[in-house]
Amino acid sequence: MSAADGPGGPIPEPGPLSEPDPNPNPTPNSTPEPMPVADPIPETNPSRRKERFDAAGRRVLLVCVAGGFTTLLDQSVLNTSVPALRESLHAHPAHLQWIVAGYSLAFGLALIPGGRLGDVKGRKWFFVTGLALFTLVSLVSATATDPTVLIAARLLQGAGAGLVNSQMIGTLQDVFDGQLRARALGMYAVTGSLAFALGPPIGGLVLAAAGPELGWRITFLLNVPFGLATLALAVRHLPKPRPATRQTDLDLLGLLLVGALTLVLMLPFVQPPGWAGWSAFAAGALALLGALVHWQRRYARSGGHPLIHPALTRSAPYALGTATAMAQFGSSLAASLVLTMFLQDGLGLSPMGAALVSLPSALAMGTSSALAWRVVQRLGRRTVTLGMVGSTLAMLLSGLVAHWAPVAVLPWLLALLQLLSGASVGLMGSTNQAYVLRHAPAEAAGVSGAILQMAQRIAAAVAVSALSGVYLRETAGGGGHRSAYLAASLVCAAVAGLAVLASVFAGRATARERSPAEPVAVSRGRTAVR
């Protein structure tokens, strides 16, 4: 990342992720939303005076936090509104899958080009453009009377949100350095936690107060006041764009290949084919994957900057850690959506009742992520594996309980298992993210976070399409809601189990790459590999 003019003048190149942060308070991160954060185990230097944000820096941080909250609240609120939306628009299962998964898909695909455009042209007006698009299309979503209109609006919303978030990440890296950069990225992570925790209760309250027909529309309208307020702050306080110093290098063919590969992975679940169709999709996915690998290598040899930097794929801990994050994020988001559908459709709970069953997960995430450093002190990289084992068990037990437990106690049992699920994800989420970014090669540090986010968003789009499809097809086939939820939970648990295996292999790869001269430093509330 090149230097940029911050609010107080030229800002030096941000330091590495292990830059010390002597803040003794652990920063919770309870959201499944993927965000690059400062390494949670940085080296501590007690003699260094704690730095403070100046007035201009606080204003920039406020803009980024507000933008993150506005765009990340949208997805968690929508999950509560899906059953009401389906009835109102008479949406088919394929429509619902595109409405939910399309946002994540477009969000992920916008991250890399958005970040590179911001590097070259300056971030301010891309931030403003993305947020304006997100806010405007929220009005279209709220007034949609046809599922296809809502699908198109969700795709545009996701693209706008991805453009906004890529500029926020880059702005925090440009404007802040050292301790302040680590703290700013941590606050950005906390914003996602807050948005995720507040989304289901807000959605439930709106639906309970306004009714299903009007309620789901109001959940989209919630984006508008937040978006307008953030736009006003961004125009006034974000740093002015700096002059371009080099030509834009977006690797457009790489982006097209990644987009095509993702669509080929999604379409079989959105529109299930026969056996011949599955074979054709599998062959197409393999062909696109081979073409992407070949093009990335060729583009790098020609002196370009490929979408996926070759050095990143050569780092086994980075690749395996990213695979862990993808499987965890996809399975967790899909499990949350399917649970909401089961609670409302299968058990007949109100939106607020369903939100209350899910709320322990968000609360447990915040608590366990704040205390994760204690576990990391003892277990190190194995903390990620422990968290994924807990998450896998929670998904498996939820399906079994939903299938066999009496209906009268089922919401209480599921809420208890949500507590286990949230605690497990909070334990491993930010820890795994920190280890992934720590092992990114130095020459690719600037894009490693964006690629991690994009991979998680693609995983979410595929997992949500697949798992909601499993649930809806099982219920449509006469299997009943309990059997459908069991089937979906078993698939979620299997995907989470893949994350357990990837985490184990990532730990072994980390141990092989670390030399005896590279000890792990631990301080209160923080963790890092030096």
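Biologist: What lines the largest cavity, and which residues lie nearest its centre?
Modeller: The lining of the largest cavity has 31 residues, with S332, A335, S336, S361 and Q418 nearest the centre. A cavity here is a set of points, on a 1 Å grid over the protein atoms alone, where a 1.4 Å probe fits but cannot get out; lining residues have an atom within 4 Å of a point.

Biologist: Before we go on, what are the ground rules?
Modeller: This is a predicted model; local features need pLDDT of at least 70, side-chain atom pairs count only at pLDDT 80 or more, and totals for chains, interfaces and linings use all residues. Residues are numbered from 1 along each chain as its sequence is written, and side-chain values use heavy atoms, with hydrogens and water left out.

Biologist: Back to the largest cavity. What is its volume?
Modeller: About 390 Å³. Volume is the space filled by probe spheres set on the points, and grid points are joined across faces, edges and corners.

Biologist: How many cavities of 30 Å³ or more are there?
Modeller: Eight.

Biologist: How do the lining residues of the largest cavity divide into nonpolar, polar and charged?
Modeller: There are 19 nonpolar, 12 polar and no charged. Nonpolar covers Ala, Val, Leu, Ile, Met, Phe, Trp, Tyr, Cys and Pro; charged covers Asp, Glu, Lys and Arg; the others, Gly among them, are polar.

Biologist: Which helices supply at least two residues each to that lining?
Modeller: α1 (55-89), α5 (178-210), α11 (316-346), α12 (351-379), α13 (382-404), α14 (410-438) and α16 (481-513). Helices are DSSP runs of H or I, at least four residues, and strands are runs of E, at least two, numbered from the N terminus. The chain has 16 helices and four strands.

Biologist: New topic. How many salt bridges are there?
Modeller: Four. The rule is a side-chain nitrogen of Lys or Arg within 4 Å of a carboxyl oxygen of Asp or Glu.

Biologist: What does R154 pair with?
Modeller: D74, with the closest N and O atoms 2.6 Å apart. R154 sits in helix α4 (residues 147-175) and D74 in helix α1, 80 residues apart.

Biologist: Are R154 and D74 buried or exposed?
Modeller: Both are buried. Buried means under 20% relative accessible area, exposed over 50%, partly exposed in between (1.4 Å probe, protein chains only).

Biologist: And which partner does R86 have in helix α11?
Modeller: D345, 259 residues away from R86. Their closest N and O atoms are 2.8 Å apart. R86 also meets E87 at 3.7 Å, N to O. Shared partners join R86, E87 and D345 into one network.

Biologist: Why does E87 count as exposed?
Modeller: Because its relative accessible area is 53%. R86 counts as buried, at 16%.

Key:
On a 1 Å grid over the protein atoms alone, a cavity is a set of points where a 1.4 Å probe fits but cannot get out, and a pocket is an open set with protein on both sides within 12 Å along at least five of seven lines; lining residues have an atom within 4 Å of a point.
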